[in-house]
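Please work through the exercises below with the sequence and the model at hand, and try each task before reading its solution.

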Amino acid sequence: MKRFLRDLLRSSWLQRALGVLAAEYLRLVWMTNKFSYEPADVYDKVEPVMPAILAFWHGQHFITPFIKTKKSHRAKVLISRHRDGEFNAIAAERLGIGTIRGSGDHGGAFHRKGGVGAFREMVQALEQGWNVATTADVPKRARVVGLGLIMLARESGRPILPFAMVTSRFIRLKNWDSSTINLPFGRGAVVGIDAVFVPPDADAETMEKLRQQVETYLNEATRRAYAAVGRPEAALG
């Protein structure tokens with residue numbers, strides 16, 4: 001029975017069905033929540049520095065495809081090669097976001113999970129004018145920014161744009177990243193913080209300082225976003 005269920009979950013038709021359903025559900029969430037933006041002219045501020053690396057916390061990623069509001073906002077998102085990532089990739093592509101498959105982890109599993117190829121593809125995408133979106137956390141360590149994000153900014157020369165995107169109505173799962181399932185018919189908020197640039201000659205000490213800065217910015221963005229929708233108690237970190 002376990003094998004049957006495992007094979008069923010891995011089947012391409014079920015993955016596609018789940019991806020389509022997820023995309024259309026998220027579209028409903030986006031359309032039925034009234035979003036505010038901080039700063040109000042956030043797009044006027046970020047468009048001049050595009051292409052950029054859009055960074056957000058894992059578990060807050062479900063509605064981030066809607067940060068793209070114009071056709072000129074070309075974007076690709078990093079999604080793991082794990083089978084759970086398959087329907088996420090299908091959902092993202094249905095919502096107009098390109099995908100890069102692999103791991104953002106720079107630990108021992110970096111090569112095994114396709115991290116090297118994914119890193120190279122992200123750099124190439126940025127060189128070609130694509131924005132690249134990625135969760136900032138170290139895998140399985142929520143709210144801790146990984147060094148891979150800083151390495152990507154150093155290698156590509158593109159800025160990191162930390163932001164949070166939340167809704168007032170949600171279900172929070174009891175998993176490692178406290179995944180937030182956004183619900184329709186509420187209020188939403190997008191909060192962006194100052195861009196972080198990593199010098200091409202940044203040494204280990206500088207990179208660690210910038211890593212901590214991105215972490216602080218993401219926590220602050222999350223705090224402000226939940227305050228904006230009237231749920232200050234919901235902020236984590």
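**Exercises on cavities and a buried arginine**

In this predicted model, the lining of the second largest cavity consists, by class, of five nonpolar and five polar residues, with no charged residue.

**Exercise 1.** Find which residues line the second largest cavity, and state its volume.

*Solution.* Begin with the volume, which is about 40 Å³ for this second largest cavity.

**Exercise 2.** Describe the largest cavity by its volume, its lining and the classes of its lining residues.

*Solution.* The volume of the largest cavity is about 210 Å³. Its lining is made by 16 residues, and those nearest the centre are Tyr-43, Val-46, Leu-54, Ile-67 and Leu-161. At least two lining residues come from each of α3 (42-46), β8 (160-167) and β11 (187-192). Sorted by class, the lining holds 12 nonpolar residues, three polar ones and one charged one.

**Exercise 3.** Decide whether Arg-143 is buried or exposed, and find what its side chain reaches.

*Solution.* First locate Arg-143, which belongs to strand β7 (residues 141-145). Its relative accessibility is 11%, and because buried means under 20%, Arg-143 counts as buried. Then follow the side chain of Arg-143, which reaches the backbone oxygen of His-58 at 3.1 Å. Leaving aside residues up to four places away in sequence, Arg-143 touches several others, among them Trp-57, Gln-60, Asp-137, Asp-177 and Glu-215.

How values were computed. Residues are numbered from 1 along each chain as its sequence is written. This is a predicted model: local features need pLDDT of at least 70, side-chain atom pairs count only at pLDDT 80 or more; totals for chains, interfaces and linings use all residues. Side-chain values use heavy atoms; hydrogens and water are left out. On a 1 Å grid over the protein atoms alone, a cavity is a set of points where a 1.4 Å probe fits but cannot get out, and a pocket is an open set with protein on both sides within 12 Å along at least five of seven lines; lining residues have an atom within 4 Å of a point. Grid points are joined across faces, edges and corners, and a volume is the space filled by probe spheres set on the points. Helices (H or I, at least four residues) and strands (E, at least two) are DSSP runs, numbered from the N terminus. Ala, Val, Leu, Ile, Met, Phe, Trp, Tyr, Cys and Pro count as nonpolar, Asp, Glu, Lys and Arg as charged, and the others, Gly among them, as polar. Buried means under 20% relative accessible area, exposed over 50%, partly exposed in between (1.4 Å probe, protein chains only). A polar contact is a pair of N or O atoms within 3.5 Å; within protein, one must be able to donate a hydrogen and the other to accept it, and residues adjacent in sequence count only if both atoms are side-chain atoms. Contact means heavy atoms within 4.5 Å.
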